[in-house]
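Subject: Structure handover

Hi there,

Here is the structure I promised to send over. Please have a look at it first, and then read on for what turned up.

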Amino acid sequence: MAAVSSASETGDPRGRHPPERRLLILGGPQSGKTSTANTILGDEVFDSGTETTHSNVGQTEIYGRRVTVVDTPPWAIPSDPESNTEADTNDNAGAESETLPQPPPSLDSEGPCMGAILCPPGPHAILLVVSVTQPFTDIHRRAAEDQLAALGGGTWRYSMVVFTGVDKLTKGVFIEEHIANTGESLQWLVERCGSRYHAFDNTRKETEDNTQVPELMEKVEELITDNQGE
Ligand SMILES: Nc1nc2c(ncn2[C@@H]2O[C@H](COP(=O)(O)OP(=O)(O)O)[C@@H](O)[C@H]2O)c(=O)[nH]1
Ligand SMILES: [Mg+2]
């Protein structure tokens, strides 16, 4: 694992290794971001199950290629009681407060956008982590939209949905069925990501026949090819 401070020291030893891949992990609270980072890194590098308060950078090698993974704090969900504390103190704010535009997350704050700065010159792919065990409503959709808008135009082209907790899906239910059954907001997210998604079971990282990380990296390569030259 590399410390945050070493993220800028990833000088490219030209021609000696396949090009590095940089992955930025974003998502709502408790969606499985840190667990996903650990699964990709192949080790319990970061503390999962507790709130991640600042972005962390880890590195690994997958098939001889250096892969940098940036784990981030959760993006703000407007309905989250913690982020709604102020509105709740005003009895008249009520339901209206939910429809008020949220201020864009600041790149200066220790919010998830800070993660993009920690993998210079920028991520090759943004993994939007969504747990199949959590609801994904219009509020979550807007949180995702705000977050990617804060990262700048065109970021959707580099984004992919990573579904966590697929081990919790009812036996025989495929992720496609889950997407179809969960509602328009989730379908919107998947479509906004160019229908790129990947199903992850973070409890399976030690399993021998586990190919979910190489399969994810293949999808990242496809995404990079789709965005070639940019
Ligand atoms: N069953 C199951 N639990 C998961 C999976 N991914 C994450 N979790 C659990 O979900 C909780 C939140 O995970 P964490 O990675 O800390 O989420 P974060 O807050 O988004 O970083 C933890 O208790 C994890 O063990 C998964 O694929 N399957
Ligand atoms: Mg976390």
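This is a predicted model: local features need pLDDT of at least 70, side-chain atom pairs count only at pLDDT 80 or more; totals for chains, interfaces and linings use all residues.

Y63 has 8 other C-beta atoms within 10 Å, so Y63 is exposed. Its backbone is worth a look too: although Y63 is not a glycine, its phi is positive, at about 50 degrees. S195 is another non-glycine residue with a positive phi, here about 60 degrees. You will find S195 in the loop between α7 and β6 (197-199), and with 11 other C-beta atoms within 10 Å it is exposed.

There is also a cis peptide bond, which joins P120 and P121 and has an omega of about 0 degrees. P121 lies in the loop between α4 (114-117) and β4 (125-131). As background to these backbone points, most residues other than glycine have a negative phi, and most peptide bonds are trans.

Stepping back to the whole chain, the protein has 8 helices and 6 strands. Along the sequence they come in the order β-α-β-β-α-α-α-β-α-β-α-α-β-α. The protein has 230 residues, and 34% of them count as buried. If you take the contacts between residues at least 6 apart in sequence, 75% join residues at least 24 apart.

One helix pair I looked at is α5 (residues 138-151) with α7 (residues 184-192), which pack at an angle of about 25 degrees with their axes 8 Å apart. That angle makes α5 roughly parallel to α7. The crossing of α5 past α7 is left-handed. On the α5 side the contact is made by D138, H140, R141 and A144, and they meet S185, W188 and L189 in α7. By class, the residues of this contact are 3 nonpolar, 2 polar and 2 charged.

Finally, the ligand. Which residues are closest to ligand 1? They are G32, K33, T34, S35 and N202, out of 20 residues that surround ligand 1. Helix α1 (residues 33-41) gives the most to this shell, with 3 residues. The shell around ligand 1 divides into 3 nonpolar, 13 polar and 4 charged residues.

Happy to go through any of this with you.

Best wishes

Note on methods. Residues are numbered from 1 along each chain as its sequence is written. Chains are lettered from A and ligands numbered from 1 in the order in which they are written. Axes are lines fitted to C-alpha atoms, for helices over the stretch in contact, and angles run from 0 to 180 degrees between N-to-C directions. Helices (H or I, at least four residues) and strands (E, at least two) are DSSP runs, numbered from the N terminus. Angles under 35 degrees count as roughly parallel, over 145 as roughly antiparallel, 65 to 115 as roughly perpendicular and the rest as oblique. A crossing is left-handed if the near helix is turned anticlockwise from the far one by less than a right angle, and right-handed if clockwise. Two residues are in contact if their C-beta atoms, placed from the backbone, lie within 7 Å. Ala, Val, Leu, Ile, Met, Phe, Trp, Tyr, Cys and Pro count as nonpolar, Asp, Glu, Lys and Arg as charged, and the others, Gly among them, as polar. A residue is near a molecule or strand if its C-beta atom, placed from the backbone, lies within 6 Å of it. A residue is buried if 20 or more other C-beta atoms lie within 10 Å of its own, exposed if 12 or fewer, and partly exposed in between; C-beta atoms are placed from the backbone.
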